[in-house]
Amino acid sequence: MSTDEQQLTADLKRTPLYEEHVALGAKMAPFAGYEMPIEYAGLIAEHQATRSTVGIFDVSHMGEFRLTGDGAKDFLQHMLTNNLDRIDEVGAAQYTLMLDDEGHIIDDLIVYNTGGEYLIVANAANRDTDFAWLGDHVPATVALSDESERTALVAVQGPKALQVISELAGPEWTAPERFCINEALLQETLPALIARTGYTGEDGVEVFVRSADAPALWRLLLSFPEVSPVGLGARDTSRLEVCYSLYGSDMDRSRTPIEAGLGWVCPKTKSGYIGADVVAAQRENPPAEVLRHLRFERAIPRHGYEVFLEGAPAPAGVIASGSHSPTLGVGIATAYLPREGSKPGAPLEVDIRGRRVGGEVVKPPFYVKD
Amino acid sequence: MSTPDELYYTNDHEWVRIESDSATVGITDFAQDQLGGLVFVNLPAPGEGFVAGEVFGEVESVKSVSELLAPLAGEVTEVNAELEGAPETINNDPYGAGWIIKIKLSDPAQVGDLLDADAYASVIA
């Protein structure tokens, strides 16, 4: 038996919960410049805990930016694809994209209207790029700050997540609606922002606290017997089962929203944002390649493996995201493929280390919660 | 981590049970623990022959693929087909129900190249 182990490097950053992960016996590995927990008790068990009870995830590596001042909304309308008119109500949030001048995706983000200001959550690997891009365009009347270092983020996800967080927030607190955010004082001591968002396909919340409060929050959550710590491994399988896109795999700086299947976050009725002309043009003349969702009954497709339209000698693309699905017990994947010939239902093959195994293109998502 | 005395081992974390000129092969408790939950196995077909050190199959967890290396030369006489529907059996019972293949040895003298339980225990210490 032989297996490759990734080497840890010395210059990795750590989240405020690093010591907690080590104490729990987590397998740690580099991710987006951070030393992050990949799994604790085991990926499959953690995946099932998230789907059946509650999983908690340290996602403090994510970036947080704050924008205030006159013109903050107009500025973000210009920078982001989704329409901020839809989140004019305080506490509303939306998924959105930031594009460059060629219409390529710089990052996918969530914007929260926290009342007189906007909170933006960004991918850890893109934090510096995003902040610089926003900074290059920001008008003098708008204050933009990077809150990432002093902000910790813990996702609490699963069918019983709301029960747990309600108990901590006390009887005065009411859970926000889906894709909304509000304030809470957890255990009467920890000030938090609680967003009804997540990356697992389960109901649940994401809890923003001061970095210094993160270990106390983590321990409070783990004091509930139904709560399990979950690593990035099961975070990835959870999000892929419900077809949430992962920046760096399902999209990157070489792909447009239309190619990535994210046209739904670029409303047709909105124009004037950076990259809008490219989105509009691709709606008229669809791109040659688009992101497809693939299912394999008898193989685990992995990132980088070649994909072939059935019987074709040359590869049509490579696996972008690929994994075993713990819920479905099959191989699931995404790949950029020629739009023609890869519609849902189309048979195809993946090269599994020299052996071709058949599968098919399916409509997303792979898994829907009952 | 359990390393039963009656078995032989390899540096690549396979175990071998010798019965006359036949060997039963699996992966060790240490190996299954390192790999985590297994979700897929690729097994050879009975009748296939391998030299010592040759890849005879693969086990996959969600996040990784690991090759299985033949500890001894010979021909596969039997594979544990139960594993195809229940690869987690390797995690649950690596030295028992989680056995992987049986080999008819072409050179029984190669057994002398394997590690005993004490030597393997120091490999994983």
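## Salt bridges and polar contacts between the chains

Across the interface of chain A and chain B of this predicted model, the rule finds 4 salt bridges. A salt bridge is here a side-chain nitrogen of Lys or Arg within 4 Å of a carboxyl oxygen of Asp or Glu. The side chains of R353(A) and E58(B) form such a bridge, with 2.5 Å from N to O. Between chain A and chain B there are also 9 residue pairs in polar contact, both residues being at pLDDT 80 or more. A polar contact is a pair of N or O atoms within 3.5 Å; within protein, one must be able to donate a hydrogen and the other to accept it, and residues adjacent in sequence count only if both atoms are side-chain atoms.

Three elements of chain A, namely α2 (43-52), α7 (232-241) and β16 (317-324), each supply at least two residues of the side that touches chain B. Helices (H or I, at least four residues) and strands (E, at least two) are DSSP runs, numbered from the N terminus. The element that gives the most to this side of chain A is α7(A), with 3 residues. The residues of this side divide into 6 nonpolar, 6 polar and 6 charged. Ala, Val, Leu, Ile, Met, Phe, Trp, Tyr, Cys and Pro count as nonpolar, Asp, Glu, Lys and Arg as charged, and the others, Gly among them, as polar.

## Extent of the interface

In total, 18 residues of chain A are in contact (heavy atoms within 4.5 Å) with 22 residues of chain B. The size of an interface is often given as the accessible area lost when the parts come together. Chain A and chain B bury about 1700 Å² between them, and 51% of this lies on carbon and sulfur atoms. Buried area is the accessible area (1.4 Å probe) that two parts lose on being put together, summed over both.

## Strand β16 of chain A and its partners

Of the 8 residues of β16(A), 7 are buried, so this strand is largely enclosed by the rest of the structure. Buried means under 20% relative accessible area, exposed over 50%, and partly exposed in between (1.4 Å probe, protein chains only). Strand β15 (residues 306-309) of chain A pairs with β16(A) in the antiparallel sense over 2 bridges; two strands pair if DSSP finds at least two bridges between them. In this pairing, G317(A) of β16(A) is the bridge partner of V307(A).

Strand β17 (residues 331-338) of chain A runs antiparallel to β16(A) and is joined to it by 4 bridges. Here S323(A) stands opposite I332(A) of β17(A). The two strands β16(A) and β17(A) form a hairpin with 6 residues between them, and G329(A) in the turn has a positive phi of about 70°. S325(A) lies in the loop between these strands and is buried, with a relative accessible area of 0%. Beyond its neighbours within four places in sequence, S325(A) is in contact with E241(A), V330(A) and I332(A).

## The sheet of chain B

Chain B holds an open sheet of 6 strands in the order β1-β2-β3-β9-β8-β5, with antiparallel pairing. Its edge strands are β1 (8-9) and β5 (49-50), each of which pairs on one side only. Strand β8 (residues 74-79) of chain B is joined to β5(B) by 2 bridges, with G49(B) opposite E75(B).

E14(B) belongs to strand β2 (residues 14-19) of chain B. At 1% relative accessibility, E14(B) counts as buried. The side chain of E14(B) reaches the backbone nitrogen of L69(B) at 3.1 Å.

## Conventions

Residues are numbered from 1 along each chain as its sequence is written, and chains are lettered from A and ligands numbered from 1 in the order in which they are written. In this predicted model local features need pLDDT of at least 70, side-chain atom pairs count only at pLDDT 80 or more, and totals for chains, interfaces and linings use all residues, while side-chain values use heavy atoms, with hydrogens and water left out.
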